[in-house]
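Please consult the sequence and the structure shown here.

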Amino acid sequence: MSEYVMWFNQLGMNDVDRVGGKNASLGEMISNLSNAGVSVPNGFATTADAYREFLSQSGLDDKIHTALTALDVDDVNALAAEGKRIRQLVSDTPFPAALDKAIEDAYQQLVANNPDMAVAVRSSATAEDLPDASFAGQQESYLNVRGLESVKHHIREVFASLYNDRAIAYRVHQGFEHSEVALSAGVQQMVRSENGASGVMFTLDTESGFDGVVFLTSSYGLGEMVVQGAVNPDEFYVYKDGLRNGHKAILRRNLGSKAVKMVYSDQPDERVKIVDVAKQDSMRFSLTDADVEALAKQALIIEEHYGRPMDIEWGKDGDDGKLYILQARPETVKSRDAANVIERYMLREKSKVLCEGRSIGQRIGSGPVRVITDLSQMDRVQPGDVLVSDMTDPDWEPIMKRASAIVTNRGGRTCHAAIIARELGIPAVVGTGDATEMLKDGTAVTVSCAEGDTGFIYDGALKFEVVQNDVDDMPELPFKVMMNVGNPDRAFGFRAIPNDGVGLARLEFIINRMIGVHPRALLDFDELPADVRRSVERRIGGYASPRDYYIDKLVEGVSSIAAAFAPEKVIVRMSDFKSNEYAYLVGGHGYEPEEENPMLGFRGASRYVSESFRECFDMECEALKRVRDEMGLTNVEIMIPFVRTVGEAENVIELLAENGLRRGENGLRVIMMCELPANAVLADEFLVHFDGFSIGSNDLTQLTLGLDRDSGLVAHLFDERNAAVKKMLEMAINSCRKAGKYVGICGQGPSDHPDLAKWLVDQGIESVSLSPDSVMDTRMYFNTH
């Protein structure tokens, strides 16, 4: 178009030097992906030459060079003062006549059919969004800009934002010369997400680096609130292979509070404003499942085109209902992690939990709390402090790099604080709601993000350790090493440990962590006492009904584990809560008997076939059927625990079939948990009804030796290596081998005693399922014995 301005559809990724990474990427998508289903609003960009000419003709370049050469960027007060002075100089300087005319001509053409069109004016640095640099979020964006003079003013503001405090410091710390980086301003038609929704997508899991999913955040209104961390957004994980194969693909949904949103302002002196979200809207998801999958499909197209993990901003137009891509850039943190090194942080002690939120970084940090309410206090932050604030923005970067951990009241996994914490390699807990009130300045705390989706701030400086394992050249073993995984939050991370699938996924762990309500209470929701009903209501927001909540959450938990380990087998054990454990769930006391010895009471298969629990078991079956049939995750197999008699075994298999889960249909195997002496003694008879055994060494040991493993008085006698226990194990293994059926072990014994694992292998065990933290140690044991 001209040496100063270019339309997006004239641009491609070869134009990064001319218009920066962001604008070049917009052009690349409009030019190459529009016909493939990626929708990008039109617009134009000023060029790097235009920016450089603007600086040189006015003499700004010499003034800026002199000022920055003498600046110590680690002096946060001096940095703030000098940055402000430079930005003001740039903002106050008029454009050269030729650039001014080029901007006017392009703008008039853009708005020709809609003179009152709202546009966004965004920055695009020429060294930005390269695979080895993360300039994202350093420069400013301006929304709902209307009229030529306002557009020109905000382009100057974008130019000035190249000298934000964080941008100056980042260039110095990354070794970029200030003069090497130029700025392009993109002027793009606004998507009316103010009355729709917006957010961010990554084509991998931002915590574990697992690249089998699209991670998507969403909130009402303009997207700045999500990026800034001013709201706790909804979160979704979408399974890529499910999308590609035409299956239902949403693995997980987390309902965010979405308390506020940014919308257009009708006041002449402001472009946007922040308003409260109606309670009924915050209690439902901001996107439909169809929207989530449609966005994820666009993300897949973009990732496949660029050939690398991508970080994408999107908006849903509330007027036309369409979904648009607003930006796309390479993901620059997790995609650079060493794939051959597994690093695990593990707490060695615990204390009182002071507050909790969304965990970022899968690490642990500790130090004195430093509560900062605004940037005027930033010189109080010392190296090793735990930075606590309401939220952060790009101007906080110079002090964030001093922190051992970051904690914020607001924000989700794609907010500014989360992005910077990942870049810095430190843990962060965001969206706590009350950290600035609950954490007292100067007190020692430990920030743990190594326990799943929830991050915890513990009182005191706790002991923890960091374990690193190199997985290169890991030799093959003569048996399968599977894992016991009950927490869906950690499944994506556990996948990186060398494994042959999941030998035990406990459904009760999913119920406890993700649901927290007794299934019978959800079925009887309308008859619940008022206080219990209110407690349940707070949990089920966003789901169609209490029953749907239970089934959908089971589907989410199981499918998250199944997708993480696909195509390897994932053996899901149906719920095995004891009556006292079920009673602790919300509403549970009204449904559970008081038993003298719940360990030997109403549990496992006996519960499934009882009239009082039948509908609850039906819901478990419906969830498993949906995971296998609707989501295509046929690597899921079913395990039935605590089967006392052969008649009970027959009844459970019939019950599964009535619920559409028939052995052999669609490749389904049903495994029995061999954990009672009766199971080993009558192994041949039980195997008539099952496709194999998974040995539960915990219960088998206590029932063989006649002791309570929870009693400290006899705990010293509990040993899976006892000769009587080994005899039971040998009987079970031999029967399975004779019948040509699967046999594995999933109890704690092999995790605690590698020598027992070796004995089991000698007996012909097919797989050993271990706790994730013992997999590498067990592998090393077999390599040396």
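Rings of Phe, Tyr and Trp count as a pair if their centres lie within 6.5 Å. In this predicted model, a search of the whole structure finds 16 aromatic pairs.

Q: Why is the pair of Phe54 and Phe95 called edge-to-face?
A: The ring centres are 5.4 Å apart, and the limit for a pair is 6.5 Å. The planes stand at 65°; an angle over 60 degrees counts as edge-to-face, so the pair of Phe54 and Phe95 is edge-to-face. Phe54 belongs to helix α2 (residues 48-58), whereas Phe95 is in the loop between α4 (76-92) and α5 (97-110), 41 residues apart.

Q: What makes the pair of Tyr608 and Phe617 stacked?
A: Their planes are at 20° and their centres 4.3 Å apart. Planes under 30 degrees apart count as stacked, so this pair is stacked. Tyr608 and Phe617 are both buried.

Q: How do you know that the charged end of Arg603 sits over the ring of Phe642?
A: The distance to the ring centre is 3.8 Å, where the limit is 6 Å. Arg252 likewise lies over the face of Tyr237, at 4.7 Å from the ring centre.

Q: Why is His589 called exposed?
A: Its relative accessible area is 62%; exposed means over 50%, so His589 is exposed. His589 is in the loop between α20 (579-583) and α21 (604-608).

Q: What makes the approach of His589 to Ala583 a polar contact?
A: A polar atom of the His589 side chain lies 3.4 Å from the backbone oxygen of Ala583, and the limit is 3.5 Å.

Notes:
Residues are numbered from 1 along each chain as its sequence is written. This is a predicted model: local features need pLDDT of at least 70, side-chain atom pairs count only at pLDDT 80 or more; totals for chains, interfaces and linings use all residues. Side-chain values use heavy atoms; hydrogens and water are left out. Helices (H or I, at least four residues) and strands (E, at least two) are DSSP runs, numbered from the N terminus. Buried means under 20% relative accessible area, exposed over 50%, partly exposed in between (1.4 Å probe, protein chains only). A polar contact is a pair of N or O atoms within 3.5 Å; within protein, one must be able to donate a hydrogen and the other to accept it, and residues adjacent in sequence count only if both atoms are side-chain atoms. Rings of Phe, Tyr and Trp (its six-membered ring) pair if their centres lie within 6.5 Å; planes under 30 degrees apart count as stacked, over 60 as edge-to-face and the rest as tilted. A charge sits over a ring if NZ of Lys or CZ of Arg is within 6 Å of the ring centre and within 35 degrees of the ring normal.
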